[in-house]
Amino acid sequence: MRRTGAPSKQPRGIARVFCALLLVVTGGAAASGTASATPDRSTGAAPAAGFDRLVPAPASVRAGGKPYRIGPKTLIRVDRSREGRRIGEQLASVLRPSTGYKLPVTTRPGRGGIELRLGSAGGAAKQARGGAEEKGAAAESYRLRSSPGGVTITAPRHAGLFRGVQTLRQLLPERVEADSRQAGPWTVPGGTVTDAPRFAYRGAMLDVSRHFFTVEQVKRYIDQMALYKINKLHLHLSDDQGWRIAIDSWPRLATYGGSTEVGGGAGGYYTKDDYREIVAYAAERYLEVVPEIDMPGHTNAALASYAELNCDGVAPPLYTGIEVGFSSLCVDKEITYDFVDDVVRELAELTPGRYLHIGGDEAHSTPHEDYVAFMDRAQEIVGRYGKTVVGWHQITGARPVEGAVAQYWGTTGTEQEVADAASNGTRMILSPANRAYLDMKYDENTPLGLSWAGYVEAQQSYDWDPGSYLQGVAEDKILGVEAPMWSETLETNDNIEFMAFPRLPGIAELGWSPAATHDWADYRQRIATHGPRWDALGIDYYRSPQIPWAD
C-alpha cells in the first residue's frame, strides 16, 4: 500500500550532511556578553541563553562568563590518534564554509582555540550505571568548557569527544550550517556542560525490507541520528516483502527474495561490501549496527527463495502487500537450522557490534510449542557466534537465554510475561508503538504512515518515562530506548525525515537526558529552535502545531 509523500524540499547531498554529522542541529544565536551564573540544569532551573536550546538536555549546565569567539586564527587541537584527528577534521569541515576561516587541525600543544582532549570528564561518568554496557555509556561522557580563552571538550574516550562536539555545534548560530560564507560573529557562550547518557542503548531502527533504501540513503539517516547522540542503528534486513543482505551460502535470498518490495517495486539488497560500508560509516559516527533477521515469522521472502524451507516443499510466490503473521519457517526440518546457522554465521562475521536481532514477533502461523523450540535453537546459534540475542518482546513467551535482550513494542506496558522475564535477568529496550514508532501518523491528515497504534503527535512521543513505563520492571532492567521506522508507506529520504522529525530527537532525549530534565513545556520550546537548522540541512520535517516553531 503506497501513499503519496508530503511536499518536500530538495534534499541536500550526502556530503553536506556528512559534514554536519558531528554537530547537533538546534537554532538560535549564541550569547554575546556575560551570562549570569546558572544552577545545575538537573535542578530544573532555566539555563542562560544558548544553553537553553540543547537537545538532548545535558545532565548539568553552569553558565557564566564571557563567550569565546571563533576567529580567523582559531585552531582545532586534537590528540595524535587517527580518531581524534578525524573528529577534528570533520568539525573543521563543518565550520569552514560558513565562517570562511581556515581552522587548521593540529596536534601541537598550546593554549586557546578549540581543544578536543582525552581525560577525565569530572562527575559526568557517574550518570551511567554499572555493568559492561553502562561502561560504554560512561565512555560517552564529556565536559565542555567555554571562556574567552577557548573551548575545551574533555572526555575519557573519543566517543565522548564526539558527543561533546554535538553540543558545541548547538551553541553556535544555525547559519553555521550554510555552504557559503555567512556573517558572524561565531560565539560560544561562556560556561560548562558536564554530561553523560542516562541509558546506554539509544537506538533508531530503519526497515529496509518493506521498501529498500540504498547505501547513500541509509548514510543520510545515520548522519541525522548522530546529530542527536543516538548510538545504535537497528537495520531490519528481512521480512515477507524482501531479503536485503547477501548470504553466500544461500544466494537466492538476496537475488530472488530481494527482487521486490511493497507495491511491487524493484527492491534491492546490500552486497557484503555494501553492508561493510554502512557499518564503517556508522562506526565513524559512534553508532553500532544491530542487524535483524526476523524469524520464524515474517519469512516469506526466504520461503519464496528456497522451497525446502517450507514444510510442504513448495515455495510460495513473492509478496508485496502489508499483511503480517501468515508465514513461518518449518520448525520440524533440520535444514531450517542449517539455514539459520549459515545466515547468523555470515552476518556475525560482518558485524563487529555485540548484538544480533532475531525478531520473533507476530509468528501467528507458528504453534506456541514450535515457537519455543525454534527460539531455543536460534538463540543457541546466535550465542555460538559470539553475539548477544535481541528479540521483540514476544521472545519473553519462550525461554530467553541468559543475557538476552527483549525489545518491547506493546502499547500498555502491562504484560506479565515481560515483567517476569525482566525479573529473571532479561534486559529491555523500550519501543512502545504508541510512543516511539516513527511510522505512526501524527493525525488523521498525515499523508504517510499507519495508525494501528493510534495517532502519535510530538507530545505523545516525548511525554513518557522509560524508567517507569513497564509495570513491575525496575529502571535498572531497562537497557534503553529505540525509535523504529517501519517503511510500508515510506520510499524516500524526505518521507523518512517527515516522519522522524520532530519525534526522533524527543526519543533521543528520553534515552540520554536525566529524568529530572524531562518536561514537555520546556522541551517544546527547545525543539522549536531547531527548525531553522533543519531547513539549512535540507531536512524535511513536520511542523507540528504543538511546537512554537521559530521563523
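## Overall make-up

The protein chain of this predicted model contains 17 helices and 19 strands. The chain has 551 residues, and buried residues make up 63% of them.

Of the contacts between residues at least 6 apart in sequence, 75% join residues that are at least 24 apart.

## Nonpolar cores

The largest nonpolar core holds 141 residues. Within this core, the residues that touch the most other members are V218, L235, W243, I245, Y270 and F339. Helix α9, which covers residues 334-350, gives the most to the core: eight residues. Another core lies apart from this one and has ten residues, including W392, A433, A453 and V456.

Neighbours within four places in sequence are left aside here; beyond them, I245 is in contact with L237, A254, Y269, Y270, T271, Y275, I293, L347 and L350. One of these partners, Y270, is itself among the core residues that touch the most other members.

## Aromatic pairs

The structure holds 25 aromatic pairs. One of them is formed by F162 and Y286, whose rings are 5.2 Å apart from centre to centre. The planes of the two rings make an angle of 50°, and the pair is classed as tilted. F162 belongs to helix α4 (residues 158-170), while Y286 sits in the loop between α7 (272-284) and β14 (288-292). The two residues are 124 residues apart, and the pair links distant parts of the chain. F162 has a relative accessible area of 0% and is therefore buried. For Y286 the value is 14%, so this residue counts as buried too, the cut-off being under 20%.

A second tilted pair consists of W392 and W486, with 5.7 Å from centre to centre and 40° between the planes. W392 lies in strand β16 (residues 388-392), and W486 is in the loop between β19 (478-485) and α14 (493-500). Because of these positions, the pair ties together parts that are 94 residues apart in sequence. Both tryptophans, W392 and W486, are buried, and W392 is also a member of the core of ten residues.

## A ring cluster and charges over rings

Y228, F501, W534, Y541 and W549 are linked into a cluster by ring pairs.

Two arginines are placed over aromatic faces. R175 lies over the face of W186, 5.1 Å from the ring centre. R377 lies over the face of Y337, and its distance from the ring centre is 3.9 Å.

## Strand β6 and its partners

Strand β6 (residues 142-147) pairs with two strands, β9 and β7. With β9 (residues 191-195), β6 runs antiparallel and is joined by five bridges. The pairing with β7 (residues 150-155) is also antiparallel and has five bridges. β6 and β7 make a hairpin, with two residues between the strands.

Where does L144 stand in these pairings? L144 has V193 as its bridge partner in β9, and in β7 it stands opposite I153.

Conventions. Residues are numbered from 1 along each chain as its sequence is written. This is a predicted model: local features need pLDDT of at least 70, side-chain atom pairs count only at pLDDT 80 or more; totals for chains, interfaces and linings use all residues. Side-chain values use heavy atoms; hydrogens and water are left out. Helices (H or I, at least four residues) and strands (E, at least two) are DSSP runs, numbered from the N terminus. Buried means under 20% relative accessible area, exposed over 50%, partly exposed in between (1.4 Å probe, protein chains only). Contact means heavy atoms within 4.5 Å. A nonpolar core is a set of buried Ala, Val, Leu, Ile, Met, Phe, Trp, Tyr and Cys residues joined through side-chain atoms within 4.5 Å. Rings of Phe, Tyr and Trp (its six-membered ring) pair if their centres lie within 6.5 Å; planes under 30 degrees apart count as stacked, over 60 as edge-to-face and the rest as tilted. A charge sits over a ring if NZ of Lys or CZ of Arg is within 6 Å of the ring centre and within 35 degrees of the ring normal. Two strands pair if DSSP finds at least two bridges between them.
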